[in-house]
Amino acid sequence: MTLDVAWAIDWVRRSAATVKEHREELIELDRQIGDGDHGENLNRGFTAVVGKLDALESPPGDVGEVLKLVATTLMSTVGGAAGPLYGTAYLRAAKAAAVPELDANGVVAMLEAALEGIVARGKATTGEKTMVDAWTPATEAAVAAADEGAAPAAVLAAAADAATRGAESTIPLVATKGRASYLGERSAGHLDPGARSTELILHAAAEAAQ
Ligand code: ADP
Ligand code: MG
Ligand code: MG
């Protein structure tokens with residue numbers, strides 16, 4: 001089984017839906033260690049993405065085209081730290097997924113490219129209380145699942161579950177990157193909003209593949 005353009009479009013729509021559903025939660029998480037705009041920023045961005053998808057005159061030709069639309073739209077509508085970070089992630093992912101269908105290794109390549117984009121843009125490593133703490137275990141779990149011969153849907157499910165654990169792991173951490181780092185030790189004891197939104201987006205990818 002492979003993941004095609006219809007999966008990519010479903011992933012985007014499910015991402016928009018879950019971000020909308022968790023908008024208040026993401027705002028509240030960001031209020032605790034940031035400026036409280038993460039839920040609003042992402043909801044605005046993904047709502048714009050869905051609007052652009054709906055307005056397309058011809059369907060996207062491959063998975064990469066869908067992801068490129070997400071990238072350019074998030075970059076121009078989200079702002080803050082998350083706009084350029086997610087924008088770069090989707091742009092790199094689009095290049096890695098410029099094919100009609102993704103097999104398990106294709107899914108891994110897409111996730112690895114997204115993580116590389118985030119790291120290239122934000123210069124964070126694991127343990128700094130950012131979305132990197134969700135993306136890194138997610139990518140590692142995807143590699144391990146693909147190596148064991150898992151199908152693309154199972155690779156995404158493994159990535160999503162690892163992202164959940166990665167997001168949870170940010171709670172005790174002290175932030176050393178981004179706005180939360182201004183709080184120093186006081187940032188400990190809170191879930192990082194970008195790690196939480198990463199978890200939501202990767203679960204949307206896995207659900208679209210079911
Ligand atoms: P802002 O802080 O500009 O208001 P958002 O609230 O939209 O931006 O996004 C905040 C999230 O961005 C954080 O929770 C964190 O996960 C992520 N983030 C911030 N800086 C970095 C960085 N340098 N590298 C990776 N992720 C980062
Ligand atoms: Mg913010
Ligand atoms: Mg902000």
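1. Some terms before we start: helix axes here are lines fitted to C-alpha atoms over the stretch in contact, and angles run from 0 to 180 degrees between N-to-C directions. Helices are DSSP runs (H or I, at least four residues), numbered from the N terminus.

2. Keep in mind that this is a predicted model, where local features need pLDDT of at least 70 and side-chain atom pairs count only at pLDDT 80 or more, while totals for chains, interfaces and linings use all residues. Residues are numbered from 1 along each chain as its sequence is written, with chains lettered from A and ligands numbered from 1 in the order in which they are written.

3. Have a look at H5 (residues 82-96) against H6 (residues 104-122): their axes come within 7 Å and cross at roughly 145 degrees. On the H5 side the contact (C-beta atoms, placed from the backbone, within 7 Å) includes Pro84, Leu85 and Arg92; on H6, Met110, Glu116 and Ile118 are among the residues involved. By class, this contact has twelve nonpolar, three polar and four charged residues.

4. Next, H2 (residues 23-33) packs on H9 (residues 193-208) at about 155 degrees, with the axes 9 Å apart. That makes H2 roughly antiparallel to H9 (the term covers angles over 145 degrees). Leu26, Leu29 and Asp30 of H2 meet Pro193, Arg196 and Ser197 of H9.

5. As for annotation, UniProt puts "domain: DhaL" at residues 6-207, in an unreviewed entry; such annotations may be inferred rather than shown by experiment. In the model, that span is 71% helix and 0% strand, and its end C-alpha atoms lie 13 Å apart.

How values were computed
Helices (H or I, at least four residues) and strands (E, at least two) are DSSP runs, numbered from the N terminus. Two residues are in contact if their C-beta atoms, placed from the backbone, lie within 7 Å. Ala, Val, Leu, Ile, Met, Phe, Trp, Tyr, Cys and Pro count as nonpolar, Asp, Glu, Lys and Arg as charged, and the others, Gly among them, as polar. Angles under 35 degrees count as roughly parallel, over 145 as roughly antiparallel, 65 to 115 as roughly perpendicular and the rest as oblique.
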